[in-house]
Amino acid sequence: MSAAATRRLTTAQALVRFLAAQYTERDGVRHRLIAGTWGIFGHGNVAGLGQALVEYRESMPYHQGRNEQAMVHAAVGHARHLNRLSAQAVTTSIGPGATNLVTGAALATINRLPVLLLPGDYFASHAADPLLQQLEHPVEADVSVNDALRPVSRYFDRITRPEALLTSALNAVRVLSDPAETGAVTLALPQDVQAQAYDWPEEFFADRVWRVRRPAPDPAELAEAVRAIRAAARPLIVAGGGVHHSEAEPALQALVDATGIPVASTQAGKGALRHDHPADLGGIGHTGTAVSDALARTADLVIGVGTRYSDFTTASGTLFQHPGVRFLNLNITAFDAHKLAAATLVCDARSGLAALTDALAGHRVDAAYETEYRTGRARWEEAVEGAFRADDDSAVPTQTQVLGALDTVVGDEDVVINAAGSLPGDLHKLWRARSPRQYHLEYGYSCMGYEIPAALGVQQAAPDTPVWALVGDGTYLMNPTEIVTAVQENLPVKLVLVQNHGYASIGGLSESVGAERFGTDYRHRVADGSFTGAPLPVDLAANAASLGMDVLRAKTVRELREALSTARAATRPTCVYVETAPPGTALPAEAWWDVPVAEVSAREAATQARAAYERAVADRRRHL
C-alpha cells in the first residue's frame, strides 16, 4: 500500500475521524449518524480518545457529562427524538466509569434505540497488569468489567489491535443504522491501543452513507393480513414506538380515515394519532384508558404496529379476552412480529400501512362500531377534564391537576419527557398528545433518573423546542447531576419537580400486594421502625438552585400556571417546584398487572391481596 493512500494516526484519532464521516439517509434526507460525543475522562480514555477529541473538535462536537449513566440517557433521548436516524457516542474511563454504562445500555437496547459506547479498557499488552481499576479474573485474563456490557449490547467488540478497528467500526455503524438491529453498540478500547499509531487507508475516512431501508411487506403476508382485517368485526390497532421511528403517523392516519379502525397506543406509541382524532382512544393496558381497554377486551383482531407487547400493554396476558381473538403484527423486526402467535407483516411501518390502505380500498368497519368507540372516547374525555379541573385556584394542586396546568401551557411543538414513578400512568391515561414528538415516555426500562439527561439530548436535537422533564422527588434524587451540564451548555430545559415525599407509584403497588407501603415514604423513622413520621427536611428546590437552575416555587394552582408560563418562555434552565396534595392519582387502573403476592402470610393485608391476585390471574390467556 503506497504512502499516499494511507494516513498515520492513533487508533483513537482514526475512530473519531471515521465517526465524523458517517451518515444515514432515508427518503432522500441525509443525517449525520454520530452527532456528537459525551464524555467523562479518566486514565482509561484521557490520553487516547480525550486527545483525539481535542484534535478533531471542529468535526466532532464534545459534551461534558457528570454521570456516565446519565450521558447514555442523554444520547438515547437525542436518538429517539430524531427517529433513530442520528445518534451520539459516549466515552468513559475504565472501572466504575465503564460499569456505570450498563443501565443506560440496557435502556437503549430494550427500547431499540441507537447509542455508541466507547469505554476504556485494560492494557491489551498487559504491560501494566493489574492497573488501577482493573478487574482480575483468576482463569480468564481477557475479561474486564466491560464484559458486563455484552448482554445489553446489540454489538460488542474489544479492539486489541489498531487494524481490528477497520472491521469493527463498520460493523458497529451497520448495527446502529439498522432499524431492525439497533440498540447499544460497545467498542471497548484498551488504553494502550487507543494511543498506538497505524497507517490507515484513506478510504476509511471517506464520507459513507448508510441507507435506512423501508422494506415492503411480502405479498403473501399482505394478502393474509387483508383477509384477516376484512373478516374482523371488531378490529383494534395497537400503535407502538415503531410508528414514530418510521415516521409513519400520516400513513397510520390514512389507514384509519379510510377504514374507521380505532387506535390505542402503548407508552412509546402515544401521539401516533393526534389526541383529538375521532379514532384515537389513548393509552392501552394497565395504564390505559377505559375506552381502549374495553374495546381491547372485545376485539376479535388486534393489529399491532411497531409494538413489542410488554406486560403493561397486554395487562399481563389478561386484556384481550374475545374467545376468537387473533393477532396481526406489523413490525420491522421478525422477533416482535411473531409475538402472541400472530400473523405477520415483517416490514417498515410506513410501507406496510400504506400497502394495507391500498389493499383495503372500499373496506370500512360497521357504523355501529364507530359509534360505540366514539361514544366511549367522549366519556373518557369528560373523565380527563374532571381530573385536570381545579375548582379552587388557591388550593394546593393534585398531581393530575399539575398535568392539567401544564396542558394549558404547552404548544403543539413542546416535548414532555418522563420515565418512572406514578407520572407515567397518569400521563398515559390523561395526556393529550398534540404532535408525534410531544409525548416522550421511556417505559421499556422505566429508568428512574432518565428524564433530566434525556431532556438535554432532546434539547440538543431540537434547539428551539420547549422541552419539559417531569420528575418526582424519588426520581430527582436518583440523578440530578446533569442540571450542571444543562447550565454549562446553556440548554434551556424546563424541569417540573413534583414533591410528594415518597415513592408514590410503588407505595400504591405495595399497598395493593399486601406490603403495606413499607419503605416507600421519605419520612422520619418512628419508634416501631416504620417511616411514618414527619416529612424529611429536604429542600429539593434549593438543591436544583444550587446546581445552577432558576427555580420557581408554586404553592397553589394559580401560582403553578404562572410559573409554568414563565418557565416556557425562559431562555436558560428553569425548574418549577410544586408540592402536591393527595390523591397521588385521580383515576384507577383499567386493567390488571401481574406482581405476584405472597402465597402465605400471617398478616391480613397480604392474605386479602393474595385472594385478589388469584381472582385476577385466573383471567390470563396464552395466545397460541
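Reader: Leaving aside neighbours within four places in sequence, which residues is Ala570 in contact with?

Author: Ala570 touches Pro492 and Lys494. Contact here means heavy atoms within 4.5 Å. The model is predicted: local features need pLDDT of at least 70, side-chain atom pairs count only at pLDDT 80 or more, and totals for chains, interfaces and linings use all residues. Residues are numbered from 1 along each chain as its sequence is written, and side-chain values use heavy atoms, with hydrogens and water left out.

Reader: Where is Ala570 found?

Author: Ala570 lies in the loop between α23 (557-569) and β23 (574-579). Helices (H or I, at least four residues) and strands (E, at least two) are DSSP runs, numbered from the N terminus.

Reader: Why does Ala570 count as partly exposed?

Author: Its relative accessibility is 22%. Buried means under 20% relative accessible area, exposed over 50%, and partly exposed in between (1.4 Å probe, protein chains only). Ala570 therefore counts as partly exposed.

Reader: What makes α8 oblique to α14?

Author: The axes of α8 (residues 219-231) and α14 (residues 349-359) cross at roughly 60° and come within 10 Å. Axes are lines fitted to C-alpha atoms, for helices over the stretch in contact, and angles run from 0 to 180 degrees between N-to-C directions. Angles under 35 degrees count as roughly parallel, over 145 as roughly antiparallel, 65 to 115 as roughly perpendicular and the rest as oblique. So α8 is oblique to α14.

Reader: Which residues make that contact, and how do they divide?

Author: From α8 come Leu222, Ala225, Val226, Ile229 and Arg230; from α14 come Ala355, Leu356 and Ala359. They divide into seven nonpolar, no polar and one charged. Ala, Val, Leu, Ile, Met, Phe, Trp, Tyr, Cys and Pro count as nonpolar, Asp, Glu, Lys and Arg as charged, and the others, Gly among them, as polar.

Reader: How do you know that the radius of gyration agrees with a compact globule?

Author: The radius is taken over C-alpha atoms, and the globule rule is 2.2 Å times the number of residues to the power 0.38. For 624 residues, a compact globule would have a radius near 25 Å; the protein has 25 Å, so the two agree.

Reader: What share of the residues is buried?

Author: Buried residues make up 57% of the 624.

Reader: How many helices and strands does the protein have?

Author: There are 24 helices and 23 strands. The C-alpha atoms fill a box of roughly 75 × 70 × 55 Å, taken along the principal axes.
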